[in-house]
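Hi,

Here is the model I promised to pass on.

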Amino acid sequence: MSDMKQTPLFALHQELGGKMVPFAGYSMPVQYPLGVKKEHEHTRRACGLFDVSHMGQLMVTGPAPAKAMETLVTADVVGLAEGGQRYALFTNSEGGILDDLMIVNQSDSLYVVVNAACKDQDLALLRTGLGANHDVEVLDRGLLALQGPDAATVMQRLCPAACDLVFMEHDRFEVMGHEIWVSRSGYTGEDGFEISVPSEATEALARWFVDQPEVEPIGLGARDSLRLEAGLCLYGHDIDTTTTPVEASLSWAVGKPRRVGGEREAGFPGADRVLHQLQAKDHRRRRVGLLGEGRAPVREGARLFDADDQMVGQVTSGSFGPSVGAPVAMAYVVVEAAEKGATLYADVRGKRLPMVITPMPFVPANYHRG
C-alpha cells in the first residue's frame, strides 16, 4: 500500500493495532484489535472515535456564495442560518446523484465536506460551476468523528461550549492552542460531533480522545454497519449517477424553496426530472430497507424476488446488524413491490432468504436536538 495516501493519523492507527486497507485512495483502518462487532457495539453503548480525514474539506468564498451554490445542489442553501449545517446533493443534467455532501454557512463563506472518492471531481465541479468570481480552497485539516451516547460527556471535558450545539449546528472553538471547527453531527445515528482540526494538531487531539475511558478507536468496518443500521446511504453503493433523489428516498434533501411553487424553484442540474418525479410520483423504483431472519447477512448485489419468482430489485448495502440482532440491507425495488411489510426473497448462493420491507432507520436515531 506504498502508493496509498495517508491521513495525519496513519502512525497512530498502526500504533493502536489498526488493520490497514486501501479505501478511496487512502490507507485506512478497517478494524482494531477489538474487532468490528465489538467496535460497533461500543459506539452504540459508549463512544467511538473515527478518523474521517480522508474526506474532502473545502471552503467556498466569493459574492453570495449560498446563492451560487444553489446552481449545483438540491438543498436550500440561501435559507441556511449562520452556523447551520445542511445535507445536500450534487446532481447531473439527468437528475442523477454525483455526490452527497455537507454544507455549513460560515457567514461570508461556505465550509463544504465531500466524500473522499469524489473529492477531485467535486472540486472540479465547484470550480467550473461557480466560476471565476468564487474561490474554492482545499483545506489542509484533519477530520475526526466522536460518536455515541457518551460523546457529550467526553466533549464536556475538552470543550464545554461545544456541548451547547444541537444537531446540525456548527461553531469554532479554541482547544489546545488551535482553532477547531465542531459540528453536532455524524453518520452513525448516534449523538456526536464532527471535529475539523489543523492537520498538524490532529494526532494530539485524537490521542486525547482515545485516552478517555469511554472512547475506543473505530474502523471502517463498524462505520459501515453503524451507518447501515441508521439507514444512511453510502455514495457509490446506495446512491450514484443512475439514481435520482426521489428514487433514493432522499426527497427531503430537495429544499422546499427549490420545489415547484417555491421562491427559488428548480435552478439545479436535472431539476426538471427531479421535480417531475416529486410531483407525478411516476418513478419506477425506490430505495427501501430490508430486515432478514436468522444471522446470514445478505450482501450488496444480491437479487430480490417476489413470491411469484419475479426479480423485483437488488441489494445495494447489506450486513448483519449487531444492534438489530438480524440481517439488515438497503435495496432498490420496483415501486409496485416496495410496500412496507411486504416479504421479498434474496438470492444468496442459490438459497432464497426472506426479507421484510421495513422503515428506516433500523435503530432509533439518537441525535441531540436540544
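First, the housekeeping. This is a predicted model, where local features need pLDDT of at least 70 and side-chain atom pairs count only at pLDDT 80 or more, while totals for chains, interfaces and linings use all residues. Residues are numbered from 1 along each chain as its sequence is written, and side-chain values use heavy atoms, with hydrogens and water left out.

**Domains**

UniProt, in an unreviewed entry, puts "domain: GCVT N-terminal" at residues 10-255. UniProt positions are given in the numbering used here, with feature names shortened, and the annotations may be inferred rather than shown by experiment. That span is 24% helix and 31% strand, and its end C-alpha atoms are 38 Å apart. Helices (H or I, at least four residues) and strands (E, at least two) are DSSP runs, numbered from the N terminus. The unreviewed entry also has "domain: Aminomethyltransferase C-terminal", at residues 285-363. Here the make-up is 0% helix and 57% strand, with 24 Å between the end C-alpha atoms.

H7 is mostly covered, with eight of its ten residues buried. Buried means under 20% relative accessible area, exposed means over 50%, and partly exposed is in between (1.4 Å probe, protein chains only). The buried residues are Leu 220, Gly 221, Ala 222, Ser 225, Leu 226, Arg 227, Leu 228 and Glu 229. What covers them includes helix H2 (36-45), along with strands S1 (19-23), S2 (26-31), S3 (47-51), S16 (311-321) and S17 (326-334).

How does H2 sit against H7? The two pack at an angle of about 55°, with their axes 8 Å apart; axes are lines fitted to C-alpha atoms, for helices over the stretch in contact, and angles run from 0 to 180 degrees between N-to-C directions. That makes H2 oblique to H7 (under 35 degrees counts as roughly parallel, over 145 as roughly antiparallel, 65 to 115 as roughly perpendicular and the rest as oblique). On the H2 side, Val 36, Glu 39, His 40, Thr 43 and Arg 44 meet Gly 221, Ala 222, Ser 225, Leu 226 and Glu 229 of H7, where contact means heavy atoms within 4.5 Å. The residues of this contact divide into three nonpolar, four polar and three charged.

**H5 against H6**

The other helix pair to look at is H5 (residues 151-158) and H6 (residues 202-210), which pack at about 125° with 11 Å between their axes. Val 154, Met 155, Arg 157 and Leu 158 in H5 meet Leu 205, Trp 208 and Phe 209 in H6. Six of the residues in this contact are nonpolar, none is polar and one is charged.

Just after H7, Gly 231 takes a positive phi of about 70°. Gly 231 is in the loop between helix H7 (220-229) and helix H8 (271-280), and counts as buried at 12% relative accessibility. Leaving out residues up to four places away in sequence, Gly 231 touches Arg 287, Met 330, Met 360 and Pro 361. A cis peptide bond joins Met 360 and Pro 361, with omega about 5°. Pro 361 is in the segment after strand S19 (351-358).

Most residues other than glycine have a negative phi, and most peptide bonds are trans. Ala 64 has a positive phi, near 45°, in the loop between strand S4 (56-61) and helix H3 (65-69). Ala 64 is partly exposed, at 47% relative accessible area. Met 176 also has a positive phi, about 55°, and lies in the loop between strand S10 (170-175) and strand S11 (178-183). Met 176 is partly exposed too, at 43%.

**One more loop residue**

Is Asn 115 buried or exposed? Asn 115 is buried, with a relative accessible area of 17%. Asn 115 sits in the loop between strand S7 (109-114) and helix H4 (119-130). Beyond neighbours within four places in sequence, Asn 115 is in contact with Met 55, Asp 99, Asp 100 and Tyr 235.

Cheers

Definitions and conventions:
Nonpolar A, V, L, I, M, F, W, Y, C, P; charged D, E, K, R; others polar.
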